[in-house]
Amino acid sequence: MANEIALIAQEATDNVAIRINELVGNGIVKLPEGYSATTALKSAALVLQDLKDKNGNSVLDKCTKSSIYNALLDMCIQGLHPTKKQCYFIPYGNQLSLFRSYFGTVCALKLARTDVYKIVTDLVKEGDEVEFATTDFGERYIRRIVTDPVSNISKPVVYGFCNIFDINGNILGNAIMTWADIQKSWRQSRMYGGENSTHAKFPEEMAKRTLIARACKHLLNESTDSEKAELYAAINRTTDSEFKQEIEEQNAQPVEKKTRAEQMKEKFHIGEQDKMQEPVVDEPVIKPETEDTDFPFDPTNESNSEGLF
């Protein structure tokens, strides 16, 4: 069985390596300077051979070949490396998904936007005072927290912010989220598991991850560089893979359509003897829209929490 798993990993990485070489050779994808897709794929193969799903099965045996291929391909396109804590793999059913860490998000953003130099993220506690600044276009953003960092360290978080700067200190993008907004984003994540989740154990670190994700997403969505279309697509796929919408829709039970007369009967408790004699008209069932959320789960911890952030 171990040999079979190793062969699956070898086949997947070989196919991805061929495709990456084609994309790079045709000028469709540009890898970061010093990045070796071959080395990253070899590291990923070792990780995947040891990775199990919740039932103890090898992900290489249970996940589809196409999902394994796409996860590895998106890893290379974004210039990510699993042994550098920039990304990791999570199985959902028979689908393998790629997730970026905080470091991976920074890496991918700098690859997509070469003008990005520095990313600053911080949380504003109850009682903190902040200093605002205004861009040349009249947009306000939080420059910094004025209050001594230890004064309100044990107080609850009110909101947070993330600023992205170029090398000259000009702000390229920013995001501000209230604590309620941050928690709302967490609840949309497939990685959110209540009290036992990494979000609950390390809320401030995860909040910073959420903030940088929001700011990065806005900045990337403003980009119009058609030469990096494959990179933007890979970044968005990885970002979207965290959230519940697609999985929930796939697992949702089919909704039985009801006629207007049946709906009226249920609403007003009409008995058989009271049923109105009217033409039966089928109506489509309209599903409620799911809320758009901004960013995927990005682990940043290199030493604990099993590398989850």
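# Exercises on a predicted fold

Helices H5 and H8 count as roughly parallel to each other, and Exercise 1 works through how you get there. The model is predicted, so local features need pLDDT of at least 70 and side-chain atom pairs count only at pLDDT 80 or more, while totals for chains, interfaces and linings use all residues. Residues are numbered from 1 along each chain as its sequence is written, and side-chain values use heavy atoms, with hydrogens and water left out.

## Exercise 1: two helix pairs

**Task.** Work out how H5 sits against H8, and then how H1 sits against H4.

**Solution.** 

Step 1. The protein has 11 helices and 7 strands.

Step 2. Two packed helices are described by the angle between their axes and the distance between the axes. Here, axes are lines fitted to C-alpha atoms, for helices over the stretch in contact, and angles run from 0 to 180 degrees between N-to-C directions.

Step 3. For H5 (residues 102–112) and H8, the axes come within 11 Å and cross at roughly 15°. Angles under 35 degrees count as roughly parallel, over 145 as roughly antiparallel, 65 to 115 as roughly perpendicular and the rest as oblique. So H5 and H8 land in the roughly parallel class.

Step 4. Now H1 (residues 2–25) and H4: their axes come within 9 Å and cross at roughly 45°. That makes H1 and H4 oblique to each other.

Step 5. Check the hand. A crossing is left-handed if the near helix is turned anticlockwise from the far one by less than a right angle, and right-handed if clockwise. H5 and H8 cross left-handed, while the H1 and H4 crossing is right-handed.

Step 6. See who touches whom, where contact means heavy atoms within 4.5 Å. Tyr102, Thr105, Val106, Leu109 and Ala112 of H5 meet Ile212, Cys216, Leu219 and Leu220 of H8. On the H1 side of the other pair, the residues include Val16, Ile20 and Leu23, and on the H4 side they include Ile68, Leu72 and Leu73.

## Exercise 2: the nonpolar cores

**Task.** Which residues have the most contacts inside the largest nonpolar core?

**Solution.** 

Step 1. Sort out "buried": under 20% relative accessible area, with exposed over 50% and partly exposed in between (1.4 Å probe, protein chains only). Of the 309 residues in the protein, 43% are buried.

Step 2. A nonpolar core is a set of buried Ala, Val, Leu, Ile, Met, Phe, Trp, Tyr and Cys residues joined through side-chain atoms within 4.5 Å. In soluble globular proteins, nonpolar side chains tend to be buried together.

Step 3. The largest core here has 58 residues, and Leu72, Met75 and Phe89 have the most contacts inside it. Helix H8 (residues 203–221) gives the largest share of this core, 8 residues. Apart from it lies another core of 6 residues, among them Val124, Ile142, Ile145 and Phe161.

Step 4. Zoom in on Met75: beyond residues up to four places away in sequence, its partners include Tyr35, Leu41, Pro82, Cys87 and Phe89.

## Exercise 3: the cysteines

**Task.** How many disulfides does the structure hold?

**Solution.** 

Step 1. A disulfide is a covalent bond between the sulfur atoms of two cysteines. The test used is a pair of cysteine sulfur atoms within 2.5 Å.

Step 2. The count comes to 0 disulfides. Take Cys216: the nearest cysteine sulfur belongs to Cys162 and is 6.1 Å away.

Note on methods
Helix = DSSP H or I, 4+ residues; strand = E, 2+ residues; numbered from the N terminus.
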